[in-house]
Amino acid sequence: MGWLWAIIVGFVLGLIAKAVIPGKQHSPLWLTTIGGILGAIAGNAIAAALGVAQTKGIDWSRHIFQIVAAIIIVAVIDALYMATVGKHKRQRV
């Protein structure tokens with residue numbers, strides 16, 4: 001069940017990250033989901049390192065770290081994806 005939640009949270013975080021990043025992102029949905037999963041993992045690690053991973057009630061600070069990490073990771077993944085795909089498209093033409 002843990003993997004299912006990781007995929008669901010990664011999907012949602014990836015979509016939020018795509019909505020926040022300005023411009024059009026060209027990376028596919030599966031790659032955005034992986035970026036969201038990595039953002040959730042990185043956000044949890046940052047929150048744990050700062051000692052705010054477990055608080056009473058809703059862990060707002062942990063969620064903020066997850067969203068920020070997902071935005072950064074999805075932006076980097078999209079840039080790398082476009083650099084790779086863009087080279088292939090330019091070579092075909």
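By class, 10 nonpolar, three polar and one charged residues line the largest pocket of this predicted model. Ala, Val, Leu, Ile, Met, Phe, Trp, Tyr, Cys and Pro count as nonpolar; Asp, Glu, Lys and Arg count as charged; the others, Gly among them, count as polar.

The volume of this largest pocket is about 270 Å³. It has 14 lining residues, and those closest to the pocket centre are Trp 5, Val 9, Leu 13, Ala 40 and Gln 66. A pocket is an open set of points on a 1 Å grid over the protein atoms alone, where a 1.4 Å probe fits, with protein on both sides within 12 Å along at least five of seven lines; lining residues have an atom within 4 Å of a point. Points are joined across faces, edges and corners, and the volume is the space filled by probe spheres set on them. Rolling a probe the size of a water molecule over the atoms shows where empty space is left.

Helix α1 supplies the largest share of the lining, six residues. The helices α1, α2 (29–50) and α3 (60–92) each give at least two.

**Fold.** The protein chain has three helices and zero strands. From the N terminus on, the order is α-α-α. Helices (H or I, at least four residues) and strands (E, at least two) are DSSP runs, numbered from the N terminus. The C-alpha trace spans about 55 × 25 × 20 Å along its principal axes. Of the 93 residues in the chain, 28% are buried. Buried means under 20% relative accessible area, exposed over 50%, and partly exposed in between, with a 1.4 Å probe and protein chains only.

Residues are numbered from 1 along each chain as its sequence is written. Local features need pLDDT of at least 70, side-chain atom pairs count only at pLDDT 80 or more, totals for chains, interfaces and linings use all residues, and side-chain values use heavy atoms, with hydrogens and water left out.

**Nonpolar patch.** Leu 4, Trp 5, Ile 8, Val 9, Phe 11, Val 12, Leu 15, Ile 16, Val 20 and Leu 29 make a nonpolar surface patch of about 840 Å². Helix α1 (residues 2–20) gives the most, nine residues. Patch residues have over 30% relative accessible area and no salt bridge; like charges are joined within 9 Å, nonpolar side chains (Val, Leu, Ile, Met, Phe, Trp, Tyr) within 5 Å. A salt bridge is a side-chain nitrogen of Lys or Arg within 4 Å of a carboxyl oxygen of Asp or Glu. Accessible areas come from the Shrake-Rupley method with a 1.4 Å probe.

**Single residues.** Ile 8 and Ile 16 belong to the patch. Both are partly exposed, at 37% for Ile 8 and 33% for Ile 16. Leu 13, in helix α1, is buried, with a relative accessible area of 7%. Gln 25 sits in the loop between α1 and α2. Gln 25 is buried too, at 11%.

These pairs link parts of the chain:

| Pair | Apart in sequence | C-alpha to C-alpha |
|---|---|---|
| Ile 8 and Ile 37 | 29 residues | 8.6 Å |
| Leu 13 and Thr 32 | 19 residues | 8.7 Å |
| Gln 25 and Val 74 | 49 residues | 9.1 Å |
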